[in-house]
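Open your viewer and get ready to click along with this tour. At each stop you will select something and then look at what surrounds it.

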Amino acid sequence: MSNQQKKQDSGSGSSSSVRGGTRLQDGGVVCYCGRDALVRQAWTDANPGRRFYRCGEGWKSACDYFRWRDVEPPSGWQKQALLEARDQLRLQAEELNTLRSRLASRGEEAENESTVELSEAVEKLMKENEALQVANHKLLEKKISLRQVYIVGCVGFVCGVVTLIQKMK
Ligand SMILES: [Zn+2]
């Protein structure tokens, strides 16, 4: 059981993750200006969590370079789950903002019970938010490792065929 767990962990670790924000560079993919393209993540209704390449200049975008990094579009229950997680994250972010501004407006007022309560609520929300984001990453990484298994399987099959042909010669 623990062995399988280890396998899964190393599998997801080897894939370049979205961790560290959107300014991740893959290398090898170059935009029209000759810069290393940036990897960004779409969160639209049609393509939740799907990553793509954009101009290496950043948000200024000197050129119109665009290419999907995740070749196949999201689909099925995973797409649905990503959309739900996205909406939940947005709601929580809004809630966090209102709580934060309420806290800030209290300013230098002495800490009373309700401020403590508020900051506890903010902390709790932030934790939930993090947990959701982790779940989101796991979902994406699961998709990626499934694809890797498929690719490895294909490569293995081709190698097998090649050795068979060589033996027959
Ligand atoms: Zn460019």
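Start by selecting Leu-125: setting aside neighbours within four places in sequence, Leu-125 is in contact with Gln-92, Glu-95 and Leu-96. Here, two residues are in contact if their C-beta atoms, placed from the backbone, lie within 7 Å. Now draw a distance from Leu-125 to Gln-92: their C-alpha atoms are separated by 6.9 Å, although the two residues are 33 apart along the chain. Leu-125 itself belongs to helix H3, residues 113-168. Helices (H or I, at least four residues) and strands (E, at least two) are DSSP runs, numbered from the N terminus.

Is Leu-125 buried or exposed, or something in between? Leu-125 counts as partly exposed because it has 16 C-beta neighbours inside 10 Å. The rule is that a residue is buried if 20 or more other C-beta atoms lie within 10 Å of its own, exposed if 12 or fewer, and partly exposed in between, with C-beta atoms placed from the backbone.

Before going further, note that this is a predicted model, in which local features need pLDDT of at least 70, side-chain atom pairs count only at pLDDT 80 or more, and totals for chains, interfaces and linings use all residues. Residues are numbered from 1 along each chain as its sequence is written.

Zoom out and colour by secondary structure.

Next, select strands E2 (residues 36-43) and E3 (residues 48-54). They run antiparallel and are joined by 5 bridges; strands pair if DSSP finds at least two bridges between them. Follow the hairpin from E2 to E3, which passes through 4 residues. Across this pair, Arg-40 has Phe-52 as its bridge partner, and Gln-41 has Arg-51.

E4 runs antiparallel to E3, with 3 bridges between them, and Tyr-53 stands opposite Arg-67.

Stay in E4 and click Phe-66. Which residues does Phe-66 contact, leaving aside those within four places in sequence? They are Phe-52, Tyr-53 and Arg-54. Phe-66 is partly exposed because 13 C-beta neighbours lie inside 10 Å. Its C-alpha atom is 7.4 Å from that of Cys-55, 11 residues away along the chain.

Now show Cys-31, Ala-37, Leu-38, Tyr-53 and Tyr-65 together: these 5 residues form the largest nonpolar core. Such a core is a set of buried Ala, Val, Leu, Ile, Met, Phe, Trp, Tyr and Cys residues joined through C-beta atoms within 7 Å. Centre on Ala-37, and among the residues it touches beyond four places in sequence you will see Val-29, Cys-31, Tyr-53 and Tyr-65. Across the whole protein, 7% of the 169 residues are buried.

Finally, colour by pLDDT, the predictor's confidence in each residue, from 0 to 100. The average is 76, and 63% of the residues score at least 70. Select residues 1-22, where pLDDT is below 50. Where pLDDT is low, the predicted coordinates should not be read in detail.
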